[in-house]
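Hello,

After that comes a short tour of what turned up in it.

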Amino acid sequence: MLNTKLYKSVHTLAEQLVEATDKADRETFDALYTELKAICIENENTEKDHPVQWETLADFTEEVDNAIAIYEKALGKAEAINEKDYMASIAYSIATLQLELGENKKAIKYLEEAKINANKSEDLELKADIDQLLVSAALHADSQDNEG
């Protein structure tokens, strides 16, 4: 169960991070990111530990490999509480980063997981995004296979 106070603080930090990004305010962005990371670390392995905080941290992590590692932590936390919507959105995010790295087969694996987990979701936009990216990744993987 997601703690309402935690959700509100993470949501507020996310909004402020977006605002700092839009203003190209690096100093504020870094301070807010550090604050969000501290919340994640403070709550880790407590009753307040929830995938939403880790997913949000990963969303604002600029180094791709670090972002993937944080998303994978978030995915593990979502799996532990069987939160299918989080499992779907996190796997989708990992897949987009895997595609950035040219790791199509890994991306497809995560997208297939995301599709299964989004099956009963009411988030039609996420389902459509997953399907669209899965088709694109599969086509790209096929063209890579044909080149080799």
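A search of the whole structure finds two aromatic pairs (rings of Phe, Tyr and Trp, the last by its six-membered ring, pair if their centres lie within 6.5 Å; planes under 30 degrees apart count as stacked, over 60 as edge-to-face and the rest as tilted). F29 and Y33 make a stacked pair, 6.3 Å centre to centre with 15° between the planes. F29, Y33 and F60 belong to one aromatic cluster.

Before going further, please note that this is a predicted model, where local features need pLDDT of at least 70, side-chain atom pairs count only at pLDDT 80 or more, and totals for chains, interfaces and linings use all residues. Residues are numbered from 1 along each chain as its sequence is written, and side-chain values use heavy atoms, with hydrogens and water left out.

An α-helix has 3.6 residues a turn, so residues three or four places apart point the same way. F29 counts as buried because its relative accessibility is 7%, and Y33 counts as buried at 16% (buried means under 20% relative accessible area, with a 1.4 Å probe and protein chains only).

The charged end of K73 is over the ring of W54, 4.4 Å from its centre. K109 lies over the face of Y110, at 4.2 Å from the ring centre.

Y110 is also one of the buried residues of α6, among them I108, L111 and A114.

Finally, the largest pocket has a volume of about 240 Å³ (a pocket is an open set of points on a 1 Å grid over the protein atoms alone, where a 1.4 Å probe fits, with protein on both sides within 12 Å along at least five of seven lines; lining residues have an atom within 4 Å of a point; the volume is the space filled by probe spheres set on the points). Its lining includes Y7, H11, E55, D59 and F60, and α1, α3 and α5 each supply at least two lining residues.

Best wishes

Notes
Helices (H or I, at least four residues) and strands (E, at least two) are DSSP runs, numbered from the N terminus. Buried means under 20% relative accessible area, exposed over 50%, partly exposed in between (1.4 Å probe, protein chains only). A charge sits over a ring if NZ of Lys or CZ of Arg is within 6 Å of the ring centre and within 35 degrees of the ring normal.
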